[in-house]
Amino acid sequence: MATSLFLVGEIGVNDYFIGLNENRTVGEVRTFVPHVVGAIRSVITDVISAGAGTVVVPGMIPLGCEPQLLTLYRGSVDAAGYDPESGCITRLNDLAQLHNRELRRMLAGLRRAHPGTAIVYADLYRAVTDIVVSPRAYGFRHMPLDACCGGGGAYNYDDASFCGAAGTAPCADPSEYVSWDGVHYTEAANRLIACSVLEGSHSHAADAPTLSNSSATTEDWLHRIGCV
């Protein structure tokens, strides 16, 4: 246990997705945050009690950049509701940022309570928004909010024609897309997200202790998964 790396999460994405898809207001779904963060805390505490020495806790992704939610809210959000830089829905990203603030506050308390355990916050939000804002800088095509596999329509996403259904088809090159099917990321996007998390750890930031439990250094892993 002490020499293993535990990835706790991502927890909460489906809670928020399902709530929003069940026509709950964003305000109602924001009330989920304390319960979700409390559940994450409970899992981390259990893992530490079992002897874990290093725990990585992913933060929330930018919900307002997800093709599924962009399609769901299309027509009900005016132009002012979209971030001009990314094209993502501001109030949904605000929900994700609220989750991340509360999560980081909770993790700070756990670090004080368990100084012998490395508790690493993985900033998925920043990793994904960096790609969406500057896709070409990371090797993606100029429409980072479109799904690779889908049945057409806005953002190439349709609940009635989800990837794999009759009439849907994948794009020619998934490595040029951030989203695979409107809900999940492509392998290329996941690799860059992993690189961002490792590089954040490698920087020795106060909020991200070094992933030092492995015999391989962080630099080795950056090379192994193609970050450098």
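C149 is a buried residue, with a relative accessible area of 3%; buried means under 20% relative accessible area, exposed means over 50%, and partly exposed lies in between, with a 1.4 Å probe and protein chains only. Before I continue, please note that this is a predicted model, in which local features need pLDDT of at least 70, side-chain atom pairs count only at pLDDT 80 or more, and totals for chains, interfaces and linings use all residues. Residues are numbered from 1 along each chain as its sequence is written, and side-chain values use heavy atoms, with hydrogens and water left out.

To which residue is C149 joined by a disulfide? The partner is C163, and the two sulfur atoms are 2.0 Å apart. A disulfide here is a pair of cysteine sulfur atoms within 2.5 Å.

Why is the disulfide of C148 and C171 called left-handed? The torsion about its S-S bond is about -95°, so it receives that name. C148 and C171 are both in the loop between α6 (124–133) and α7 (187–202), so the pair ties together parts that are 23 residues apart in sequence. C148 is buried, at a relative accessible area of 2%, and C171 counts as buried at 15% relative accessibility.

Next, please look at C195 and C227, whose sulfur atoms are joined at 1.9 Å. Here the torsion about the S-S bond is about -90°, so the disulfide is left-handed. C195 belongs to helix α7 and C227 to the segment after α8 (218–224); the two are 32 residues apart, and the pair links distant parts of the chain. Both C195 and C227 are buried.

How many disulfides does a search of the whole structure find? The search finds 4. With bonded cysteines counted along the chain, their pattern is 1-2, 3-6, 4-5, 7-8.

One further residue of the loop between α6 and α7 deserves attention, namely T186. T186 counts as buried, at 2% relative accessibility. Apart from its neighbours within four places in sequence, T186 is in contact with F140, P174, Y177, V178, S179 and W180, where contact means heavy atoms within 4.5 Å.

I turn now to the sheet. It is an open sheet of 3 strands in the order β1-β2-β3, with parallel pairing; two strands pair if DSSP finds at least two bridges between them. The strands β1 (5–7) and β3 stand at the edges with a single partner strand each, so one side of each is left without a neighbour in the sheet. Neighbouring strands are turned by 20° against each other on average, direction ignored. Angles run from 0 to 180 degrees between N-to-C directions, and axes are lines fitted to C-alpha atoms, for helices over the stretch in contact.

Strands β1 and β2 pair in the parallel sense over 3 bridges, and the bridge partner of F6 in β2 is V55. Strand β2 (residues 54–58) is joined to β3 by 5 bridges, and these two strands run parallel. In β3, V55 has I119 as its bridge partner.

Is strand β3 (residues 118–122) mostly covered or mostly uncovered? It is mostly covered, since 5 of its 5 residues are buried. In a regular strand the side chains alternate between the two faces of the sheet. From β3, A118, V120 and A122 point one way and I119 and Y121 the other way, and all are buried.

Finally, helix α3 lies across β1, β2 and β3, running at about 165° to β2. Helix α3 (residues 33–49) also packs with helix α5 (residues 90–113) at an angle of about 35°, their axes 10 Å apart. Among the residues that meet are V33, V36 and I40 in α3, and L95, L98 and L103 in α5.

Key:
Helices (H or I, at least four residues) and strands (E, at least two) are DSSP runs, numbered from the N terminus.
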